[in-house]
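Please brief me on how this chain is packed.

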Amino acid sequence: MTLIMAALAGCSFQEKEKVWEISGGIFGTTYHINVVLPEDRERLQTLAQGIQKELEAVDASMSTWKQDSELSRLNRKQDQSEWTELSPALFEVIQRSQEIAELTDGAFDITIGPVVNLWGFGPDARPDTVPSDAALEKALADTGYRYIELNAEAMALRSEKPQYIDLSGIAKGYGVDVVARYLDREGVQAYLVEIGGEVRVNGRKPDGGAWRLAIEEPSEQARQVSKIVAMDQHAMATSGDYRNYYESDGQRYSHTIDPSTGKPITNRIASVTVITEDSMTADALATAFTVMGYERARALATRENIPAYFIVRGEGGFEVHETPAFSSFVVQ
């Protein structure tokens, strides 16, 4: 964990408040958190320690990479037909996951974990060969978000069939929300929270300006900006297949698995960016829209008034499209 005690560009040392950065590592990635505060080294150090503690608690609950996490223990449970009481955090994330699964007709499905592992994008090592159709059929047989039943009053879960739940498509976004809630409780009125590319902002910078966020061109080489948005609230998440993939026998395999086929997606979407009020929803919807493909995803986003920005592979190169709700966030 690192605390950078320096004002960022655009803030003078005469101002009462400055932008300070708190950074560190979690979930196998990094986080960078900007807070707008007067100079108070003791308070900044306390915030840094509190943020790390909050994120470690999420990791201890929802990681599939940690054998002793709450989720790993749930996944190992022999009889999942019995009710299992969950922590409030884990229940909240699973409940939201189920809501997004319903909204997207299963394009987002947290039970797809065994198939993700089969392709080598989970805690297990990458396989030497591409999974056979028979292996995929066997792994898919017991998956399905509709097998999960939740009891909100008891904060408990049970499943008609044993499930291996994978929250990698939403837990990082939830981590962003947890940090935002922590900063709210601590009285920080303006901040930007970023974990592995998922972002949530609140308030404005000391100069009164909104937070500006860049959406990348989907390039595997140099990073280039496709669009810039400005926000003083809301969260933003981007999902794409241009970095996390592997190749076998000349074939490229995306890390994003289509729950309906058990295979990596092959549609035209290079990346999709979603803006919502909270980060875990943006995180999950970005994944779901990537699975759905441009036409279905745009139709759903437009119908539900969800701000979404699509970069699609066309015959002449990348094409960009945005929903009407997204336009108000774009910096002209």
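The points below go from the whole chain to single residues.

This is a predicted model, in which local features need pLDDT of at least 70, side-chain atom pairs count only at pLDDT 80 or more, and totals for chains, interfaces and linings use all residues. Residues are numbered from 1 along each chain as its sequence is written, and side-chain values use heavy atoms, with hydrogens and water left out.

**Whole chain**

- The protein chain has eight helices and 18 strands. These are DSSP runs numbered from the N terminus (helices: H or I, at least four residues; strands: E, at least two).
- Of the 332 residues in the protein chain, 50% are buried. Buried means under 20% relative accessible area, exposed over 50%, and partly exposed in between (1.4 Å probe, protein chains only).
- Take the contacts between residues at least 6 apart in sequence: 59% join residues at least 24 apart. Contact means heavy atoms within 4.5 Å.

**Helix α6 against α7**

- α6 (residues 171–185) packs on α7 (residues 279–292) at about 160 degrees, with the axes 7 Å apart. Axes are lines fitted to C-alpha atoms, for helices over the stretch in contact, and angles run from 0 to 180 degrees between N-to-C directions.
- That angle makes α6 roughly antiparallel to α7. The cut-offs are under 35 degrees for roughly parallel, over 145 for roughly antiparallel, 65 to 115 for roughly perpendicular, and oblique for the rest.
- On the α6 side, the contact is made by Ala171, Lys172, Gly173, Tyr174, Val176 and Asp177. Ser279, Met280 and Asp283 make it on the α7 side.
- By class, this contact of α6 with α7 has four nonpolar, two polar and three charged residues. Ala, Val, Leu, Ile, Met, Phe, Trp, Tyr, Cys and Pro count as nonpolar, Asp, Glu, Lys and Arg as charged, and the others, Gly among them, as polar.

**Helix α1 against α6**

- The axes of α1 and α6 come within 10 Å and cross at roughly 145 degrees.
- α1 residues in the contact include Leu47, Ile51, Leu55, Val58 and Met62. From α6, the contact includes Ala171, Tyr174, Val178 and Leu183.
- The contact of α1 with α6 divides into 11 nonpolar, three polar and two charged residues.

**Nonpolar cores**

- The largest nonpolar core has 43 residues. Such a core is a set of buried Ala, Val, Leu, Ile, Met, Phe, Trp, Tyr and Cys residues joined through side-chain atoms within 4.5 Å.
- Met62, Ile94, Ile165, Leu167, Phe289 and Phe310 have the most contacts inside this core.
- α7 gives the largest share of this core, nine residues.
- Leaving aside neighbours within four places in sequence, Met62 is in contact with residues including Leu71, Leu90, Leu167 and Tyr174.
- A second, separate core has 21 residues, among them Ile33, Ala48, Val176 and Val179.

**Two single residues**

- Ile112 is found in the loop between α3 and α4 (113–118). Ile112 counts as buried because its relative accessibility is 9%.
- Ile112 and Ala139 are 27 residues apart along the chain, with 8.7 Å between their C-alpha atoms.
- Apart from neighbours within four places in sequence, Ile112 is in contact with Leu140, Thr143, Ile257 and Pro259.
- Val330 is in the segment after β18 (317–322). Val330 counts as buried because its relative accessibility is 14%.
- Val330 and Ile228 are 102 residues apart in sequence, yet 6.1 Å apart C-alpha to C-alpha.
- Not counting residues up to four places away in sequence, Val330 touches Lys227, Ile228, Val229 and Glu322.
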